[in-house]
Every structure is written in structure tokens, then in C-alpha cells.
Amino acid sequence: ILQLAVMGKLVPQNPSDEPASKLISKLAIEQQNWLEDNLKNNSECKTMLRKLKKLKAAKPPFVLPKSWVCVHLIQTTKLLVDCHNKTAPYTDSGIPIIRTTNIREREFRFDGLKYVNEETYDYWSRRCPPRSGDIMFTREAPMGEAAIIPEGVKWCLGQRTMLIRPIHEYVFNKYLLLALTEPHLLERASEHAVGLTVKHLRVGDVENLNIPLPPLAEQHRIVAKVDELMALCDQLKTRLCDAQTTQRHLADAVVENALN
């Protein structure tokens, strides 16, 4: 489902949609202006501008619809920052810190959650405090998991994670989440993964991930279709599980009857 979604084969293209080429041109202007306007207040802006200037054109991983473009992940973002690469000093309570083990299948998992105090949060988040709508992406253990920060929560960015802040007016964060977690992206990314035992992605590898980008309206249609199909898959899984449970009960009853 996810592969078809990012190949442009899950929903039909609409000729009246503004092409993604125009979308990314307008995005680039807004991105440049915002970064230049915030140079004095945020040192990350200078880094982003430098990296964007050095970018080469992204190569599509497969044939895309005519209204789509392929871009590097960093081109879709307002900010893209790595975590503080040390283990945070934990506390018994406070602000939850999201580690790689807390992100699975595009959702946050809360088993084994750790906490930090305000001082640690301020230091660990000094490059870019996480906020709702941002995407947390894991570079290692495992690499390639991601989830969107929901409304009304305050979380700290844990070790071996990255914070992705899309430019929401042009890139639907739920579509970007799908593009970041479709399995073939990870297959391509793993070609650049390093490490003899635990594979991980470098920060630059994440920034340069090739993202197939459709028109904005189509991004929303794709997400709606994926949600619909995933809900259907969940229903089918539940029915299969119920059927297997029924079979086990019947088998147990038959065995018990035979023994009696």
C-alpha cells in the first residue's frame, strides 16, 4: 500500500491540481526567506542555507507521474536537526523523552518511557524544541521509524533521532510520514547505512533522502486512501484472529469430547 502510494498508483491524478514543480518552486522561495529572516535568532538557519546551496538535483527512484517531482527531504523542511547524541540523565517523572524504542509503525509507543527535567529538556532541545506536527525520525536501533508529534504534548528528542519540521503549507506531514516509512525507501537508504553491527544512517543521508512529491491536493487524497485501506487491513486482521480463536476452541472441544 505504501509503495503504491508514493509511486502515484494509489489514487488517480487530477489535471486541475497545481503541479508539484510549481509547488516546490514556491516552497523554495518561502524556505529561503524564512531561513534568512531567522539567521540572527537561530544558528540552524545558517547550516540549512549552506546545505541547501550545495544540493544536487534529486533522482527519482522510479518513474513518477508527470505532475510529481522528486526532492531531497531537506528541501521540504523548515528545519531538520539531529538530536543531542548522548544519553540524557533520566528522572522519575517530568518531560517524556522519545527514544528510538518508542517509535514503531508510524506511532509512538509508551512502554518503557523515560523522563527528563526542565533543565535537561532545555539543553537537549536547544537546537529546535519539538512541537506538534513535527516528525520524529530514527537513524538507528532501528533506523527508519517515524511518527508525528500530536497536539497537546511536550516531548524531548531522544538519542539517535532527528526532528523534521515540514513546511506545512506545501507538504502534508502525514504524506511525508508515509514517504519516510515506505519499505523501499529504507532499502535504498540502507545502501548508505554504516556500522558493522548496528546499522545507522548519517545525518547527511537522512537529509538527502529522495522523496517523491505529488501536488498538495493529491498528497491529501493519498493519505485519505491509505487510511481507508489500513483500516480495512485492521478489520481483516481482526476477523482472521477471531477465526483462528474459534478454530482453537472447536479443536479443544473435539479433543475433550474424544477423551471423555
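**Close-up 1. Strand 3 meets strand 9.** Strand 3 and strand 9 run parallel and are joined by two bridges. Strands here are DSSP E runs of at least two residues and helices are H or I runs of at least four, both numbered from the N terminus; two strands count as paired if DSSP finds at least two bridges between them. This is a predicted model, so keep in mind that local features need pLDDT of at least 70 and side-chain atom pairs count only at pLDDT 80 or more, while totals for chains, interfaces and linings use all residues. Residues are numbered from 1 along each chain as its sequence is written, and side-chain values use heavy atoms, with hydrogens and water left out.

**Close-up 2. Strand 3 and its other partner, strand 6.** Over on this side the pairing is antiparallel, with three bridges between strand 3 (residues 95-98) and strand 6. Two of the bridge partners in strand 6 are K114, for I97, and V116, for I95.

Close-up 3. Put together, three strands make an open sheet with mixed pairing, in the order 6-3-9. Strand 6 (114-116) and strand 9 (156-157) are at the edges with a single partner strand each, so one side of each has no neighbour in the sheet. What about the faces of strand 3? Both are covered, with I95 and I97 buried on one side and P96 and I98 buried on the other. Buried means under 20% relative accessible area, exposed means over 50%, and partly exposed is in between (1.4 Å probe, protein chains only).

Close-up 4. Buried here are A20, L23, I24, L27, Q31 and L35. They lie on the same side of helix 2, because their arc around the axis is only 85 degrees, taken from the directions from the helix axis to the C-beta atoms. On the face turned away from that buried side are the exposed residues K22, I29 and D37.

**Close-up 5. Cysteines without a bond.** The whole structure has zero disulfides, a disulfide being a pair of cysteine sulfur atoms within 2.5 Å. For C45, the nearest cysteine sulfur is that of C128, 9.4 Å away. C45 is buried, at 0% relative accessible area. C156 is buried at 0% too, and its sulfur is 9.5 Å from the closest cysteine sulfur, in C83, which is too far for a bond.
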